[in-house]
Amino acid sequence: MEFSLQKSKTTFLTTFLFHLGDRCLYLLADVGRMGIFLFAVLAGLFKRPFRGRELLKQLHFIGGGSITVVFFTALSSGMVLGLQGVYTLQKFGADGMLGSGVALTLIMELGPILTALMVAGRAGSAICAEIGIMRISEQIDALECMAVDPFRYLITPKFLAAIISVPLLTAMFDVVGIYGGYLAGVKLLGVSSGSFLNGMMSSVTNHEIQLGLIKSFVFAFLLVWISTGRGYFVLQIRGAGFGAESVSKVTTQAVVLSSISVLIFDYLLTAVLL
Amino acid sequence: MLTETEKEQNQTSPAVEFIEVEKYFGDWGQRHKVLHRVSYTVPRGKTTVIAGGSGQGKSVTLKLVLGLLKPDSGQILVDGQDVTRLGRKKLRNLRMKFGVLFQGAALFDSLSVFENIALPLRERTRCTEEEIQEKIAKTLETLELTGHEKKFPAQLSGGMKKRVGLARALQLDPEIVLFDEPTTGLDPVMTQEIYDLFQQTQQRLGYTAIIVSHDIPHVFDLADQIVLLNRGEVDVFANIAQIKDSTKPHIREFAEMTLGSLFKG
C-alpha cells in the first residue's frame, strides 16, 4: 500500500516536471521565434524594392481607419476627465487646476495608452487575422516559393504604418481630449476659460510631450510586433487548433497580449522616464 | 561559367535527389514517423508522380524539396545543392528554379487574377509594365482565362483557380514545377483539362515535374516515374505494369485497392 502511494507520488512528480519543462521549452522557443521574426522584419526595412503604395494603403487602414474610434474615445475621456476634475477640485477650491490636470493626464497617460488599446483592438486584430489566413491558406508559402521575401512584401509595410500612425493618432487624441475637457469644464460647468488654458500651458512642458510620444512609439512597436507575429506563427502556436478556429484564437491572443504588454510597458516607461 | 562537360553533366544529373531523408512530426514522446531513411532521385525533364494514402508524407515531401520544412536527418539535393544546408539568401535564389501549384492554388485573395500572375514578374524581374502586360496576355490566352483578368480569386471556380495558379507558377520559366494535388475537388472534365494543360506546358517548356496526387490511376498516365509512399518507406516504379507485377505484400494491397479492375485485368 505504502509502496503504491510512493509510486503514485513519484509518477505525479515526474509528470509535473515533464509538463513544466515542456511548457518552459515551448515559451523559450516562442520568445526565440518572435525575436528572429522581429530581426527579419527590421531587415525588411532596408530591402528593395520598397513598397511605397502598400505603405500608403496600410497608413490609410491603420491610421485613417482608426480616426473615428480614437476621436470618440478621446472626446469621451476628455469630457469625463473635465466633469470628474471639476467635481473633485471644487471640494478643495482648486478648479483653476482643471486645465493642468486634464492636459497632463491625457498627454502622459490616457492619450498613448487608450490610442494603443483602440488600435490594437481595431487594426491589430485585423492584421493578425489577415496574416493568419494567408498562412493557413499557403499564401505566405507561395510568396516564399516565388523567392519573394514575405517580411519585406507583407509585414514591413504594416510595421512602418503602425509606427507612423499611432503617434499621430495619439497627438490627435491629446488635442481632442483636451478640447473635451474644456467643453465639459468651461462650457458646461462654468470653470474660467483663462484659468483652464493658463493652467494647461504653464504645466505642460516639452518633457511631458516627449514622454507621451516615446510611449506611443513603444506601444505601436509592441502591438504591431505581437499582431503580425501571432498571425505569422499561427501554425506553431500550441493549443490554437487548426483552420479558422486557429486564426480566431491567435487573433484573440494577439489583442490580449498586445493590451497586457502596453499596460506593463506603460508602468515601466513612466517609472524610468518621469 | 560552366564548361561544356559540366553543362552536359548537369543535363544528365537528377534534378532532385533524396538521400536517407528522415522526417518526424509531433512532440517528445509522441513522435510520428513520416519519412524513414528515404532515398530516390527525380530525373531531369521527366514527370515523377508521388502517390500514397493520406498522411503518408506526400505534401511534406514537396515542402522538404522547397526548404519550407527541414528534415530531421539526410540530404535533399536540388541541382547538386543541399537544400537542408542552404542559408536564407541561397535558398531564395534556389527557389527561383521552382514553380509551385498549391493544393488550394494559394492565390492572393486581395489581388486580381492579373495581379496574381504578375506578382512574380514584378517582384523578381526587371520587366517593364508593358512587357508584363504582354506576357500575361499571352498566358491568359493559352490558359483560356482571357476576360477574367480583373476578377478576384473568390469570384473564380475551382478549375479556374488552378489555371491561374498554374499560370503564376510558370511565369518565371521554372526548371522544376511542383504540383500539390492539382486536381483535388475538380470534376472529371476539369481534371482532364488540367492534365492536358500540364502536358502542353511541359512539352513547351521542358520542365521537371513532381506531381503529388490522389487521382489514381489516371495521374499515372502522365508519369515517367512513380514513387509510392507507405508508412515512411518508398518504392519506386517506372510504370503501372511494374506496380502490378510487384510481389511486395503492401504494394499488392495498394494496387488492389487503388487500381481496382485495372489490377485484376
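Reader: How many helices and strands does the secondary structure of chain B come to?
Author: This is a predicted model, where local features need pLDDT of at least 70, side-chain atom pairs count only at pLDDT 80 or more, and totals for chains, interfaces and linings use all residues. Residues are numbered from 1 along each chain as its sequence is written, with chains lettered from A and ligands numbered from 1 in the order in which they are written. Elements are DSSP runs, numbered from the N terminus (helices: H or I, at least four residues; strands: E, at least two). On that count, chain B comes to 10 helices and 10 strands.

Reader: Which are the edge strands of the open sheet in chain B?
Author: Four strands line up as β2-β1-β4-β5 with antiparallel pairing, where pairing takes at least two DSSP bridges between two strands. Inside that order, β1 (16–25) and β4 (73–78) of chain B share 5 bridges, and B:F18 is partnered with B:I76. The strands pairing on one side only are β2 (32–42) and β5 (81–82) of chain B.

Reader: Which helix packs on that sheet?
Author: The helix touches β1, β2 and β4 of chain B, a contact being two C-beta atoms, placed from the backbone, within 7 Å. Its direction makes about 120° with that of β1(B); axes are lines fitted to C-alpha atoms, for helices over the stretch in contact, and angles run from 0 to 180 degrees between N-to-C directions. The helix is α2 (residues 58–66) of chain B.

Reader: In the hairpin of β9(B) and β10(B), which turn residue has a positive phi?
Author: β9 (225–230) of chain B runs parallel to β3 (47–52) over 5 bridges, with B:I50 opposite B:V227. On to β10 (233–237) of chain B, the pairing is antiparallel over 5 bridges, and B:N230 faces B:E233. Between these two strands sit 2 residues, and the one with a phi of about 45° is B:R231.

Reader: Are α4(B) and α5(B) parallel or oblique to each other?
Author: Their axes come within 10 Å and cross at roughly 130°, in a right-handed crossing. The contacting residues, including B:F114 and B:L121 of α4(B) and B:I136 of α5(B), divide into 6 nonpolar, 1 polar and 2 charged. Under 35 degrees counts as roughly parallel, over 145 as roughly antiparallel, 65 to 115 as roughly perpendicular and the rest as oblique. So α4(B) and α5(B) are oblique.

Reader: At roughly what angle do the axes of α6(B) and α7(B) cross?
Author: α6 (158–170) and α7 (188–205) of chain B have axes that come within 10 Å, and the helices are therefore roughly parallel. Among the residues in contact are B:L166 of α6(B) and B:L197 of α7(B). The crossing angle is roughly 15°.

Reader: Which element gives the most to the side of chain B that touches chain A?
Author: The contact takes 15 residues from chain B and 10 from chain A. On the chain B side, α3 (88–95), β6 (98–101) and α4 (113–124) each supply at least two residues. The element giving the most, with 4 residues, is α4(B).

How values were computed: A crossing is left-handed if the near helix is turned anticlockwise from the far one by less than a right angle, and right-handed if clockwise. Ala, Val, Leu, Ile, Met, Phe, Trp, Tyr, Cys and Pro count as nonpolar, Asp, Glu, Lys and Arg as charged, and the others, Gly among them, as polar.
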